[in-house]
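Dear colleague,

Please find the structure below, together with the sequence.

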Amino acid sequence: MRPASRVSGINSSIALRHGAVREAILDRLERSLGKSPAAATRRDFYDALAIAVREELAERWVATRTRVASAHVKRVCYLSMEFLLGRSLINALSALDDDLLEEVRQALESFGHQLEDIAAEEEDPGLGNGGLGRLAACFLDSLATLGYGATGYGIRYDYGIFTQVIGADGGQREVASSWLGFQNFWESGRGGVRFRVRFGGSCRATRDDHGRIRYEWVDTHDVWAVAYDLLIPGNRSPTVNHLRLWSGRAIEPFRIEAFNHGNYAAAVTEQVDAKNLSRVLYPDDSTPQGKELRFKQQYFFVSASLQDMLSQHVFEGRELGELAEAIAIQLNDTHPALTILELMRLLIDEHGVEWAGAWQMTQAICSYTNHTLLPEALETWPVSLFEWLLPRHLQIVYQINRDFLEQVSARFPNDFDRRRRMSLINEDGDRRVRMAYLSVVGSHKINGVAKLHSRLMRETIFADFAEMWPERFTNVTNGIAVRRWLKQANPGLSALLTEKLGSAWENDLEDLERLKWAADDTEFCRRFRDIKRVNKQRLAATIKQLLNVEVSVDALFDVQVKRIHEYKRQLLNVVYVVVRYLRILDNPQADIVPRVVLIAGKAAPGYYVAKSVIKLINNIASVINNDPRVGDKLKLCFMPDYDVSLAQEIMPAADLSEQISTAGMEASGTGNMKLSLNGALTIGTLDGANIEIGDAVGAENIFIFGMTTEEVVALRAHGYSPAMIVSQNPELKRAIETINSGLFSPNNIADSRVVVDRLMGDGEHFLVLADYASYAAAQDRVDALYKNPQEWARKSVINALSMGPFSSDRSIREYADNIWGIKPVI
């Protein structure tokens, strides 16, 4: 008789345990999927394994929830519009047990399959886009690994942000993501966990039995938020937390009367509208409809999440007055800022808490992470939108603002301009609610994500608030989950580190410090270099598969992978690529360091300039990669549809990490950390976490160039003329003229001129060409060092072994100790 699992899961009985892995897979194939091994496809084997692994996680999840609830400890609730998780199978197996992972590999081989091929059947979840979502995913990993009780909250997007396809003209096209095209065995639909979310209607004032004024929100249009849970395992930890995602459903999904009268579209209108709330991440907001949908999405997930927290709190038998001792809510940027207003509404209107008590609880519970100083990240919403969709919340924000401005006046009497600057309502023109200001006023702690960013945040966008409440502002430098970005992404280097240190570094990255001597050990550096070469060979095969471009692994792999945005300055990189191309044409016999320049990232659908940059990159690549005069000396590769899985191939293969944003504009960056951890040297500005990385690795082991933040401010104030800079640099002038000539876009010369006009416009905000000469000089230093492979390897090792402080485990401990006040429960 086969042993029974404690969790029956999906009609299965053999637990995934040592010595029974093959039997467990076979059991799920036959009993859950109805397939014999001979008839099963690779997808079937993937599904069978996913079912078995998830059942094992579920056991630990149940135990974790019981343990945390029984301990009556404080939990963190992490609210984020996106979570860029990556694939689950290898991550879960690796977290459970390395030996189990190897047994799975052997079991699959006995069926004629390779683990890597089976794992590749999994689609990356379409729940995030860039650094914001990836940071959230790293934090969930660390929370579980460190044993903290935590729940992530977000939206279960049916189609993600989009799948990026590059058209024949080199431009980005957006195609709906298909990540839910197959049954997703990693999630569990919690049909019994659903909450009513309300929109529209009006507010009615009444008096209760004690004569107090109460407000009723009536005549609303409601939808259901239905919960789906994804399990988040800790590495070598008994803790398994969950990410709860909300999907929109209509209260009345199908109106049979309309259908029977032939009005088929009207019969499902409410279901379509409700599902639109969870269709797509960041819908294009260039239209009024798009803006309204984004606003509704933010409230939808905030309201459902808060109702869930309060429901759980009451279910555990805890008093409402203990709420601030039971949960800590972290707002990941301004998208969840409506949390402040919705928590106040629920406490006052639904639970009868008086205003003062509700406000005290709200401030004690909420904290806010600011991620950027860019205006578009400091969201504002029209008052008219509140009036139309959230009238009760508008009343609440007005009352908060009145109380707050009284505090401002008491602290700074007769300073009316300060009141205007600090008001939660921007009264200039179209009246708007300032969501970042609301987040600051409604939180007890506000943090930036790198030392420079936190300083600039206090000195610029929140200067008045920092003067009023200096104790609220702090810094927590971002970090990365070493389990995914080294242990899983770079198994060769991971094995080498474990051989030298044991496995403790997986949960304590600062343990790498003990290996610093290895940078001067010839044998270690040789093995390190060999591992890098294997990783480059793997990536070269992927480039061939995706782009049909053959690259040499002897070339320097020069990598810039991140969201396409003007402040990240992909254009600076591309202009320099054209300069190198022209140098090769001028002197084909020159001793030039061969380069493979890899760029990847998505542009927002409505961001015309960013999409023009992508088109230019691909058009330049088409010319360079097909020019026989160039050969292996230079390749330019735009990798389409950049996601976590592709990043896990790129990071370990990179030699050079491009972190070249305009100084003062990148909050932190985490790609810089992932690349450095895998041995890439950084070429970067003094921006974001580049500064702290430079401090960690040493100035001699990083290529810093360009203006400082102060110099950027001074140049903008003095006046920036790109034309003057170009006129003084013949190489740069020739490159710009070549791009503008249409050489790279002969079918439509206007394609390249759009970008050139942007670069050359007086006052171009991101100062791309102002840093060109310094950037080119730094690239010369890169070339010189790469010609010395032993010294390059030594510096590469130093970079990798210096990344201990940049673990997300360290970040989470700082949040836990300094902001949330939570303790691990193991």
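Which residues of H32 are buried? They are Tyr 772, Tyr 775, Ala 776, Ala 778, Gln 779, Val 782, Asp 783, Leu 785 and Tyr 786, where buried means under 20% relative accessible area, exposed over 50%, and partly exposed in between, with a 1.4 Å probe and protein chains only. Helices (H or I, at least four residues) and strands (E, at least two) are DSSP runs numbered from the N terminus.

Before the rest, please note that this is a predicted model, in which local features need pLDDT of at least 70 and side-chain atom pairs count only at pLDDT 80 or more, while totals for chains, interfaces and linings use all residues. Residues are numbered from 1 along each chain as its sequence is written, and side-chain values use heavy atoms, with hydrogens and water left out.

Two helices were checked for length, the expected span being 1.5 Å times one less than the number of residues. Helix H32 (residues 772–786) has 15 residues and should therefore span 21 Å, which agrees with the 21 Å between its end C-alpha atoms. For helix H15 (residues 391–411), the 21 residues should span 30 Å, and the end C-alpha atoms are 31 Å apart, which agrees. The buried residues of H15 include Leu 394, Ile 396, Val 397, Ile 400, Phe 404, Leu 405 and Val 408, and also Arg 392 and His 393.

Turning to the interior, a nonpolar core is a set of buried Ala, Val, Leu, Ile, Met, Phe, Trp, Tyr and Cys residues joined through side-chain atoms within 4.5 Å. The largest has 155 residues, of which Val 53, Phe 300, Ile 329, Phe 386, Phe 462, Phe 465 and Trp 820 touch the most other members. Helix H2 (residues 42–71) gives the most to this core, with 11 residues. Apart from it lies another core, of 66 residues, among them Leu 572, Ile 599, Leu 715 and Val 726. Leaving aside neighbours within four places in sequence, Ile 329 is in contact (heavy atoms within 4.5 Å) with Cys 77, Leu 79, Leu 306, Met 309, Thr 339, Ile 365, Cys 366 and Ser 367.

The whole structure holds five cavities of 30 Å³ or more; a cavity is a set of points, on a 1 Å grid over the protein atoms alone, where a 1.4 Å probe fits but cannot get out, and its lining residues have an atom within 4 Å of a point. The volume of the largest is about 420 Å³, and among its 33 lining residues Gly 86, Arg 87, Ser 88, Glu 122 and Pro 125 lie nearest its centre. H2 also gives the most to this lining, with six residues. The second largest cavity holds about 90 Å³, and helix H23 (570–586), helix H24 (608–625) and helix H31 (750–760) each supply at least two residues of its lining.

Lastly, two aspartates deserve a look. Asp 219, in the loop between strand S7 (213–218) and S8, has a positive phi of about 60° although it is not a glycine, and is exposed, with a relative accessible area of 68%. Asp 333 has a positive phi of about 75° and is found in the loop between strand S10 (327–332) and helix H12 (338–350), but this residue is buried, with a relative accessible area of 6%.

With best wishes

Definitions and conventions:
1 Å grid on protein atoms, 1.4 Å probe; cavity = no way out; pocket = protein on both sides within 12 Å on 5 of 7 lines; lining within 4 Å. Points joined across faces, edges and corners; volume = space filled by probe spheres on them.
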